[in-house]
Amino acid sequence: MIRGFGKDKRIDPALAVMEWLKRKKEETNGVIYPNLFIYNSLLGAIKQSEQFGELDRVTDYMAGDGVVPNVVTYNTLMAIYLEQGRPIEALNVLEEIQRVGLVPSVVSYSTALLAYRRMEDGIGALRFFTDFREKYLRGEIGKDDDEDWEKEFVKLENFTVRICYQVMRRWLVKQENLSQKVMKLLSDMDRAGLQPGRAEYERLIWACTREDHYIVAKELYTRIRERHLEISLSVCNHLIWLMGKAKRWWAALEIYEDLLDKGPKPNNMSYELIMSHFNILLTAARRKGIWRWGVRLIDKMEDKGLKPGSREWNAVLVACSKASEASTAIQIFKRMIEKGEKPTIISYGALLSALEKGKLYDEALKVWDHMIKVGVEPNLYAYTILASILTGQGKFKMVDAVIKEMSSLGIDPTVVTYNAIISGCARNGMGSAAYEWFHRMKVQNVPPNEVTYEMLIEALARDGKPRLAYELYLRAHNEGLNLSTKAYDAVVRSSQAYGATVDMSVLGPRPPKKQKLQASEKSILSSERKPAL
């Protein structure tokens, strides 16, 4: 009856039965009374009904009646403490069992393990089990014949593995970084000879979602590959994604290579993920002009069966352009066409820029003609490069024609366009022409910027026009522009060399040098060890 009331979560009638039995004890002179089994049933009812406020009342009655607890009583108390969120007290009950001379049962040990689970102390649970195992192997535990200890030992071992897995999963979903604790518990489990199965390892990998989880995820992946014949493709894809998120690009590539070599066969998701990682690397190479890495990445992609698209080829072309690597840009452009990829305006623009920087003007004009012939419409960037190429050749009538053609197509020349022309004049010692184009941009209401003034001042300084360079420096300063140290030094050197009578104090103090990129801003490619490509 008491157990039935407990299952129905009705503690009051269960207590009423006990009170009735206590009265019967007096009426029958002790023939009918609440014995140990009654009290154990009542404690069980308290646990099931979660009416923990009645616990002290029942234990007081029990002590008053002189009823001595047995191991079932203590096991029930341990379970009640766990339900109350008091795992330390539950473990203290286990110690009390041994202190009073009782033998803990399998339930006692499993409840203790569960207490460690509630405390999220996987290391403590593992230590508890290894101590239990040593005593069991020495024959100190498992002497009673009431339980099949050989079978129960295996269950406790599996339960310990399960608890360690659950604790590690909880650690991984917390806000704080507990990766090192996970790694330690995995190592401790190895030493204890306990290993989760493939399913547990994979579920732990799914719990790895933050950048700082990559160490744990990589370790779990290695364990699966070494200890199991198969691995889920979706897990591998998740790992590729996570390694990319943690900027461990080469680790992601190694996983993709394993898919190719060991299986399972990569799918579209695998392909898209690894392509996105390559694009991040190529974007970094493009942004910083690391053309060698760009070429090697393209080679690596093709080696692994990945087909670079126009985006990937263009990234390498732009990197070559920024590095003024004209010959490599030509090779990449030809490879792009040979692989069946149609060049875009970005492709042509990058190639034109590389050729212009290498002063391969005739080759650049041939590329321009080919671009127009195949129907690729030039944009502002392409026209700007063409103007720079023609400036380098001193063909200013053609430069003027390019500007007019741009305007007729609704493509307004910008300050970048005029800067390209002025820079071309400056590089080729044509200071007067640079000054003329400076006036033309002002007429077209295109305001000059710092680059405009700096390039023009350097051109005029080299061309023997120190006073004009001086006046332009002052004009830029009055317009609120901050010119570089190089422009300031050009004015000073030119004035001294040509004996110009100018008041240098009006220029103000020498501007500080512009800081270069800090070490922390260096290439993303150096964020981790790079294997030989």
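Author: Helices (H or I, at least four residues) are DSSP runs, numbered from the N terminus. This is a predicted model, where local features need pLDDT of at least 70, side-chain atom pairs count only at pLDDT 80 or more, and totals for chains, interfaces and linings use all residues. Residues are numbered from 1 along each chain as its sequence is written, and side-chain values use heavy atoms, with hydrogens and water left out.

Reader: Which helices each supply at least two residues of the lining of the largest pocket?

Author: α19 (345-357), α21 (380-392), α23 (415-427) and α25 (450-462) do. The largest share, six residues, comes from α23.

Reader: What makes a space a pocket rather than a cavity?

Author: On a 1 Å grid over the protein atoms alone, a cavity is a set of points where a 1.4 Å probe fits but cannot get out, and a pocket is an open set with protein on both sides within 12 Å along at least five of seven lines. Lining residues have an atom within 4 Å of a point. The largest pocket holds about 370 Å³, a volume being the space filled by probe spheres set on the points, which are joined across faces, edges and corners. Its lining has 15 residues, and Glu 356, Ser 388, Ala 420, Ser 423 and Arg 427 lie nearest the centre.

Reader: What is the volume of the largest cavity, and which residues line it?

Author: About 40 Å³. Trp 249, Trp 250, Leu 253, Ile 274, His 277, Phe 278 and Leu 281 line it. Four of these residues come from α15, the largest share.

Reader: Why are α7 and α9 called roughly parallel?

Author: Axes are lines fitted to C-alpha atoms, for helices over the stretch in contact (heavy atoms within 4.5 Å). Angles run from 0 to 180 degrees between N-to-C directions. Those under 35 degrees count as roughly parallel. Helix α7 (residues 106-118) and helix α9 (residues 149-172) pack at about 10°, with axes 10 Å apart. The pair is therefore roughly parallel.

Reader: Why does the pair α3 and α5 get that label?

Author: The axes of α3 (residues 36-49) and α5 (residues 71-83) cross at roughly 15° and come within 10 Å. They are therefore roughly parallel. By class, their contact has seven nonpolar, four polar and two charged residues.

Terms used
Angles under 35 degrees count as roughly parallel, over 145 as roughly antiparallel, 65 to 115 as roughly perpendicular and the rest as oblique. Ala, Val, Leu, Ile, Met, Phe, Trp, Tyr, Cys and Pro count as nonpolar, Asp, Glu, Lys and Arg as charged, and the others, Gly among them, as polar.
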